[in-house]
Structure formats: structure tokens, C-alpha cells
Amino acid sequence: MAQVEATTERIIAAKAEDVFDTLADYENSRGKLLTEHFSEYEVREGGDGEGTLVHWRLQATSKRVRDCLLEVTEPTDGQLVEKDRNSSMVTTWTVTPAGEGKSKAVVVTVWNGAGGIGGFFERTFAPKGLARIYDGVLARLAAEVEKA
């Protein structure tokens with residue numbers, strides 16, 4: 001099993017603190033940022049950053065649906081880590097200042113891929129597909145914080 005990684009990033013015209021606070025607000029903001037690929041969104045514990053437990057279903061393709069139960073931690077300032085209790089998937093959101101009134105948001109998701117021919121296709125296609133999904137989330141995040 002090889003590790004598979006998907007990464008996407010975006011420059012957002014808002015302060016890093018505001019961008020991070022919006023991302024970390026699972027109770028009120030995060031659900032609004034999710035694209036049509038996400039369903040059954042539910043905050044089960046907490047709701048604001050560290051200590052949050054959140055559930056959703058991620059439909060990466062027409063046949064590939066992943067049931068996610070994510071524990072949220074904040075290992076460093078400007079960073080949220082979502083570890084899936086149901087798989088090896090870990091998504092790390094990092095928000096840093098990027099000049100006057102701007103920030104850079106980076107999303108990196110890693111997981112242990114399948115072996116064999118299925119694993120080859122997963123390593124080849126899944127990172128691009130997941131990056132596209134999270135690019136949509138970052139676009140909604142930008143629209144949400146830039147209007148404020």
C-alpha cells in the first residue's frame with residue numbers, strides 16, 4: 001500500500017485569522033462551504049476547531065462514496081487536522097498570511113492507497129479528483145470571507 005496525496009491551495013483576499021476562524025467553525029460555517037460531493041453533514045461533538053467530531057459522506061465519484069467521521073485537532077496556529085476514524089485519511093488545512101489583507105489556504109489529504117491495479121488507478125486519478133473537490137470548497141470559503 002502506497003500513500004496517496006492530494007493537494008490544492010488558493011490565495012484569498014481576507015486576513016488569515018478570518019479565513020481560519022471560518023474554516024474552524026464547523027457548527028455554523030463549514031457546512032455552507034461544502035460542495036455537492038458532501039452529504040449527511042453533522043457535528044457530533046464540539047463545533048469550533050480542536051475537539052470537534054464531525055460526520056459527512058464524501059462522494060468522490062459516481063461509485064466511490066466514503067463515510068467519514070473526523071476528529072479535529074489544531075496542532076499549530078493556523079492549522080486544522082481532520083483524522084478520519086473510519087479510514088487512514090487525514091486532511092490538513094493550513095492558513096497563512098500572504099501579504100496585506102490576503103491569506104494562503106492549503107489543503108493536503110493523505111491516505112493509504114490500495115494495492116495492485118486498483119491502487120495504480122487510485123494513485124493516478126484520485127489525487128486530481130479530490131483536489132478538484134477541495135478547490136470547490138476553497139472557492140466557497142473565499143466567497144464567504146471576501147464578502148465580509
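These legends cover close-up views of strand pairing, aromatic pairs and charges over rings in a predicted model.

View 1. Strands are DSSP runs of E with at least two residues, helices are H or I runs of at least four, and both are numbered from the N terminus. Strands pair if DSSP finds at least two bridges between them. E5 (residues 79–84) runs antiparallel to E6 (residues 90–97), with five bridges. Leu80 stands opposite Trp93. E7 (residues 103–112) is antiparallel to E6, through eight bridges. Val90 has Val110 as its bridge partner.

**View 2. Tyr41 and Trp56 form a stacked pair.** Rings of Phe, Tyr and Trp (six-membered ring) pair with centres within 6.5 Å; planes under 30 degrees apart are stacked, over 60 edge-to-face, the rest tilted. Here the values are 6.1 Å and 15°. Tyr41 lies in E2 and Trp56 in E3, so the pair ties together parts 15 residues apart in sequence. Buried means under 20% relative accessible area, exposed over 50%, partly exposed in between (1.4 Å probe, protein chains only). Tyr41 is partly exposed at 27%; Trp56 is buried at 2%.

**View 3. Trp93 and Tyr134 meet edge-to-face.** Their centres are 5.4 Å apart, with planes at 85°. Both residues are buried.

**View 4. Arg30 lies over the face of Trp93.** The criterion is NZ of Lys or CZ of Arg within 6 Å of the ring centre and within 35 degrees of the ring normal. Arg30 is at 4.7 Å from the centre.

Residues are numbered from 1 along each chain as its sequence is written. Local features need pLDDT of at least 70, side-chain atom pairs count only at pLDDT 80 or more, totals for chains, interfaces and linings use all residues, and side-chain values use heavy atoms, without hydrogens or water.
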